[in-house]
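Morning, everyone. Please bring up the model on your screens, and keep the sequence open beside it.

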Amino acid sequence: MRGGAGGQSGRLPAGGASDCGLDDELVVVVAHDQTVRRRRKPLLLPAADRRALVAGVRWVDKAIIGFPRASDGFARVLRNEKPAIIALGYDQDPGPVEKA
């Protein structure tokens with residue numbers, strides 16, 4: 001199960017993606033510091049530290065930092081990771097996304 005998850009740790013089974021019946025991986029995208037600041041939210045931890053925390057969760061296979069100030073940042077992540085499933089946090093808006 002490739003996708004992003006933010007703050008919904010109770011939503012995945014203990015074994016992660018493989019326990020969902022999917023033989024794949026969970027990729028989590030952490031917002032770039034510039035993105036957090038642009039949304040006028042307080043920056044409590046730098047992106048590298050947030051990525052390290054997320055990477056330490058046992059069912060996360062890969063944690064990456066999103067692209068800074070790129071209008072196509074969400075699409076770039078999709079092109080790079082080629083997810084089968086996308087999960088967004090409650091406060092996330094990917095904007096218009098072209099179907100591949």
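We start with a term. A salt bridge here is a side-chain nitrogen of Lys or Arg within 4 Å of a carboxyl oxygen of Asp or Glu. Keep that in mind. Also keep in mind that this is a predicted model.

How many salt bridges does the structure hold? Two. I will come to each of them. But let me give you the layout.

The protein chain has three helices and two strands. Read from the N terminus, the order is β-α-α-β-α. The chain has 100 residues, and 26% of them are buried. Its exposed surface comes to about 6900 Å². Carbon and sulfur atoms supply 52% of that surface. Now the contacts. Take those between residues at least 6 apart in sequence: 54% of them join residues at least 24 apart.

Back to the salt bridges. Aspartate 33 has 16% relative accessibility, so it counts as buried. Arginine 50 has 18%, so it is buried too.

Now the other bridge. Lysine 62 pairs with glutamate 81. The closest N and O atoms are 3.2 Å apart. Lysine 62 belongs to strand β2, residues 62–65, and glutamate 81 to helix α3, so this pair ties together parts that are 19 residues apart in sequence. Glutamate 81 is buried, at 9% relative accessible area. Lysine 62 is partly exposed, at 33%.

Stay on lysine 62 for a moment. Which residues does it touch, once neighbours within four places in sequence are set aside? Leu26, Val27, Val28 and Glu81. Look at valine 27 in that list. Lysine 62 and valine 27 are 35 residues apart in sequence. In space, their C-alpha atoms are 4.8 Å apart.

Next, the surface. Find Leu44, Leu45 and Leu53 on your screens. Together they make a nonpolar surface patch of about 330 Å². How does leucine 53 sit, buried or exposed? The cut-off for exposed is over 50%. Leucine 53 has a relative accessible area of 57%, so it is exposed.

One last stop: the backbone. Most residues other than glycine have a negative phi. Lysine 82 has a positive phi, about 50°, although it is not a glycine. Where is lysine 82? Look in the segment after α3, which covers residues 73–81. Lysine 82 has 61% relative accessibility, so it counts as exposed.

To recap, then. There are two salt bridges. Lysine 62 with glutamate 81 is another.

Technical notes. Residues numbered from 1 in each chain as written. Predicted model: local features only at pLDDT ≥ 70, side-chain atom pairs only at ≥ 80, totals over all residues. Heavy atoms only, no water. Helix = DSSP H or I, 4+ residues; strand = E, 2+ residues; numbered from the N terminus. Buried < 20%, exposed > 50% of the residue type's maximum accessible area, 1.4 Å probe, protein only. Contact = heavy atoms within 4.5 Å. Patch = residues over 30% accessible without salt bridge, like charges linked within 9 Å, V, L, I, M, F, W, Y side chains within 5 Å. Areas by Shrake-Rupley, 256 points an atom, 1.4 Å probe, with all protein chains shown as cover.
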